[in-house]
Amino acid sequence: MKRTINRALSFLPYSKWLLAVLYLLLAWWIWYSRDKIYNLVPMFRATPLGNLPLDLLLFFLLLLGLICLAALLYRPPFTAKFVNAAFVEAEIRNGAKTYPTLQSVRRDRERKHGKIFRVRCKGVPIEDFDSHIAKLQASLGGKIYCMAPGGRFSTDIYFLPQRYVQLPVFSPNDNAIGAISIQHLINLLVVGATGTGKSVVIKIIMSKLAKYRPDSTLWLLDFKKFDFREFMHIPNYYGYTDCLQGLNDYYAAFKAQQATGVAGAPNYLIIDEWGSFITSLNRGDAEQARKILAELLATGRSYNYIPIVGTQRGDASYFQNSRDNFLCCLALGNLSPEGRRMVFPDSVKGQITMCKQREGHLYIDGVGLEKIRIEHIPDIDALDASIREAMNR
């Protein structure tokens, strides 16, 4: 439904002119052929005043049709229903729990494919719109690039459908994880098949942590012992068969911090190929590993112990009823319908679109879903060097 509405919005300036021209042609034909129409309908017979009363009636009917058409084009009903539902989904409302409503739609002449929604505020200040902008963008399926007062009781929302939005770049050159900063990252799940760039994403995150969280400690479990093998001689690195020991060491550090009753410096547990790691363990060890991860996901954030887990599939068998405790989920490439159900909540599945190479979808709990592009890293050695420096601290 959302894609259909966005396509309709992109066609809006042309459809207005087309419908107006068609109606004017129809009205002209009816007016030109009015005498024949009168003869076809027995009740429309000439009065002592001739056809003048019928002409006046027909004229006002055509004028009423023109007014209704103008109102329809000024505020398309399907678009209004879609936008009003987005306000409800984003929970933008006044003290009386009344939601804003769409007043009109027009084309933004300053931005190609842009639309301006004039909204009847219903007492909701523009600051409330701004504080809910991430949810509203997710509900509308596009980007809001400006909001401004549109009148005494209205606000103008400048909107661009997602198909025309330039994707935000996931890069080591800033501290952003989508709409939040790296400082607010909690429990991230990275899902992607071989070749989608999962290891590069994890390295970018490690680089961000090294640069913007200099007080943090990084722990790395590299089960494949390939993409991160250049870090194998660095403290807190565990490869292949040592990964279980690494998980236990991290958990012991967490329990020691928990015993103090206060949060310490951030400790990030970065796991690559969690699914392969779990399936390689015997039944008892696998159950214990899932239990440890579940506890870390549930209570670790209070003590600044944050897991970042990479896996090819978000299969429930890899987790002990703890998948919902990942507050951030990044899926790379094109997941199957089943894969989407594993990673994303039902409320955002309709926003997922096809991905090109190095593209994916990032979901943040309380913020919503956005599509992102992974930056190409021409000098991976420089990225590795910044990570080595962090892990040597």
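A salt bridge is counted here where a side-chain nitrogen of Lys or Arg lies within 4 Å of a carboxyl oxygen of Asp or Glu. In this predicted model, that rule gives a count of 14 salt bridges, and one of them joins the side chains of lysine 224 and aspartate 227, with an N to O distance of 3.0 Å.

Another salt bridge pairs lysine 208 with aspartate 174, whose closest N and O atoms are 2.8 Å apart. This pair links distant parts of the chain, since lysine 208 belongs to helix 7 (residues 198-212) while aspartate 174 sits in the loop between strand 5 (169-170) and strand 6 (176-177), 34 residues apart.

Because arginine 313 lies in the loop between strand 12 and strand 13 (328-332) and glutamate 338 in helix 11 (residues 337-343), the pair ties together parts that are 25 residues apart in sequence. Arginine 313 is partly exposed at 34% relative accessibility, and glutamate 338 is likewise partly exposed, at 41%.

The loop that holds arginine 313 leads back to strand 12. This strand (residues 305-311) has 7 of its 7 residues buried, so it is largely enclosed by the rest of the structure. In a regular strand, side chains alternate between the two faces of the sheet. Both faces of strand 12 are covered, with Tyr305, Pro307, Val309 and Thr311 buried on one side and Ile306, Ile308 and Gly310 buried on the other. Strand 8 (residues 188-191) runs parallel to strand 12 and is joined to it by 4 bridges, with valine 190 having glycine 310 as its bridge partner. Strand 11 (residues 267-272) also pairs with strand 12 in the parallel sense, over 5 bridges, and here isoleucine 270 stands opposite isoleucine 308.

Elsewhere, Leu24, Trp31, Leu56, Phe59, Phe60, Leu63 and Leu66 make a nonpolar surface patch of about 650 Å². Helix 1 (2-32) and helix 3 (52-74) each supply at least two of its residues, and helix 3 provides the largest share, 5 residues. Leucine 66, which is placed in helix 3, is partly exposed because its relative accessible area is 36%.

Key: Residues are numbered from 1 along each chain as its sequence is written. This is a predicted model: local features need pLDDT of at least 70, side-chain atom pairs count only at pLDDT 80 or more; totals for chains, interfaces and linings use all residues. Side-chain values use heavy atoms; hydrogens and water are left out. Buried means under 20% relative accessible area, exposed over 50%, partly exposed in between (1.4 Å probe, protein chains only). Two strands pair if DSSP finds at least two bridges between them. Patches are made of residues with over 30% relative accessible area and no salt bridge: like charges are joined within 9 Å, nonpolar side chains (Val, Leu, Ile, Met, Phe, Trp, Tyr) within 5 Å. Accessible areas come from the Shrake-Rupley method with a 1.4 Å probe; for residues, only the protein chains shown count as cover.
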